[in-house]
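Work through the exercises below with the sequence and the structure open side by side. Try each task before reading its solution.

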Amino acid sequence: MIRINHLNKKFKKLIALNNITVQFDEGQVVSLIGPNGSGKTTLIKTILGLVKPDSGQIYFRDKNIKQEGFTYRNEIGYMPQIGRYPENMTIGQLFSLLKNIRNKDENSLDYDLLKQYNLVSMYDKPMRTLSGGTRQKVSAAIAFLFRPPVLILDEPTAGLDPLSSEVLKEKILQTKKEGTLILISSHILSDLDDLTTDVMYLQDGKMKFFKNLATIQEDTGEIKLGKAIARLMKGEDPAANMISEILKTNR
Ligand code: ADP
Ligand code: MG
């Protein structure tokens with residue numbers, strides 16, 4: 001569904017994406033993992049057309065997104081790491097604006113998260129007055145609103161309280177069952193345990209591996225994603241080594 005071919009991106013001298021080639025298909029929940037600054041958000045933004053790569057191609061349903069304009073984005077629900085909104089607009093106004101732009105049948109919309117997060121009772125609040133957590137809830141509700149066939153969630157649980165985080169994970173699980181392609185970046189690996197079908201590991205802009213979860217579990221003998229990744233990356237990534245050491249001392 002999304003095919004990425006020899007993608008490169010530099011910010012001045014910094015190599016943010018280094019020759020990434022990968023493919024994501026329907027029904028997959030791909031966990032995008034890697035240390036801070038490894039290029040996760042940059043990769044996500046190039047898929048969305050928000051960051052322009054220096055070279056390489058991205059295909060959405062076999063069409064080069066460069067030639068697609070932005071129409072393909074109607075098929076993607078995106079929850080940004082940091083949501084930026086018109087700050088004087090109220091939550092209610094923001095949702096009506098989005099609905100007017102997309103112009104989809106009212107009956108087809110998914111208000112589940114809006115309801116579960118009680119956002120309707122806050123419709124009159126301007127965006128600038130919201131706490132970080134509430135802003136995240138708004139971003140989450142927007143991502144799911146139009147029942148997109150592709151969901152891209154950038155650090156979705158960061159900043160959410162534990163209960164709201166569980167609500168979101170449950171929602172992602174349900175959506176997974178409907179065959180939606182879901183791409184989640186997170187460094188809270190325990191959040192990904194019940195969701196992941198495939199893992200893409202980035203380090204310094206390079207893809208270290210792209211593997212099916214079952215294969216990772218077999219290769220490492222570990223069920224939990226955090227432990228399995230720590231084993232795989234042992235000797236490669238200082239952060240993974242540290243996790244691995246901590247796990248050892250806790251045994
Ligand atoms: P991650 O999401 O994995 O934490 P990012 O994709 O946000 O990593 O960043 C990858 C690298 O690119 C980091 O070193 C970051 O500082 C740099 N970077 C990201 N966006 C910009 C930008 N707009 N200008 C300059 N450097 C950037
Ligand atoms: Mg990021």
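The exercises that follow concern a predicted model, and they go from the sheets to the helices, the cores and a single residue.

**Exercise 1. Find the order of the strands in the open sheet of six strands, and name its edge strands.**

Solution. 
- Step 1. Reading across the sheet, the order is β6-β7-β8-β3-β9-β10, and the pairing is mixed.
- Step 2. β6 and β10 (206-212) are the edge strands, since each pairs on one side only.
- Step 3. On average, neighbouring strands of this sheet are turned by 15 degrees against each other, direction ignored.
- Step 4. A helix also packs here: α6 touches β9 and β10, and its direction makes about 95 degrees with that of β10.

**Exercise 2. Describe strand β7 (residues 150-154): which strands does it pair with, and are its residues buried or exposed?**

Solution. 
- Step 1. With strand β6 (residues 76-79), β7 pairs in the parallel sense over four bridges. Within this pair, Gly77 has Leu151 of β7 as its bridge partner.
- Step 2. With strand β8 (residues 181-185), β7 also runs parallel, joined by five bridges.
- Step 3. Five of the five residues of β7 are buried.

**Exercise 3. Work out how helix α6 (residues 213-220) packs with helix α7 (residues 225-232).**

Solution. 
- Step 1. The two helices pack at an angle of about 65 degrees, with their axes 9 Å apart.
- Step 2. The crossing of α6 past α7 is left-handed.
- Step 3. From α6 come Leu213, Ile216 and Thr220; they meet Leu225, Ala228, Arg231 and Leu232 in α7.
- Step 4. These contact residues divide into five nonpolar, one polar and one charged.

**Exercise 4. Locate the largest nonpolar core and the residues that touch the most other members.**

Solution. 
- Step 1. Nonpolar side chains tend to be buried together in soluble globular proteins.
- Step 2. The largest nonpolar core has 44 residues, and Val138, Leu168 and Ile229 touch the most other members.
- Step 3. Helix α4 (residues 132-145) gives the most to this core, seven residues.
- Step 4. Beyond its neighbours within four places in sequence, Leu168 has contacts that include Met79, Tyr117, Phe144 and Leu160.
- Step 5. Another core, of 25 residues, lies apart from this one; Ile44, Ile65, Ile76 and Val150 are among its members.

**Exercise 5. Why does Ser186 count as buried?**

Solution. 
- Step 1. Ser186 lies in the loop between β8 and β9 (198-203).
- Step 2. A residue is buried under 20% relative accessible area.
- Step 3. Ser186 counts as buried because its relative accessibility is 1%.
- Step 4. Leaving aside neighbours within four places in sequence, Ser186 is in contact with Leu32, Ile33, Glu155 and Leu192.

Conventions:
Residues are numbered from 1 along each chain as its sequence is written. Chains are lettered from A and ligands numbered from 1 in the order in which they are written. This is a predicted model: local features need pLDDT of at least 70, side-chain atom pairs count only at pLDDT 80 or more; totals for chains, interfaces and linings use all residues. Side-chain values use heavy atoms; hydrogens and water are left out. Axes are lines fitted to C-alpha atoms, for helices over the stretch in contact, and angles run from 0 to 180 degrees between N-to-C directions. A crossing is left-handed if the near helix is turned anticlockwise from the far one by less than a right angle, and right-handed if clockwise. Contact means heavy atoms within 4.5 Å. Ala, Val, Leu, Ile, Met, Phe, Trp, Tyr, Cys and Pro count as nonpolar, Asp, Glu, Lys and Arg as charged, and the others, Gly among them, as polar. A nonpolar core is a set of buried Ala, Val, Leu, Ile, Met, Phe, Trp, Tyr and Cys residues joined through side-chain atoms within 4.5 Å. Buried means under 20% relative accessible area, exposed over 50%, partly exposed in between (1.4 Å probe, protein chains only). Two strands pair if DSSP finds at least two bridges between them.
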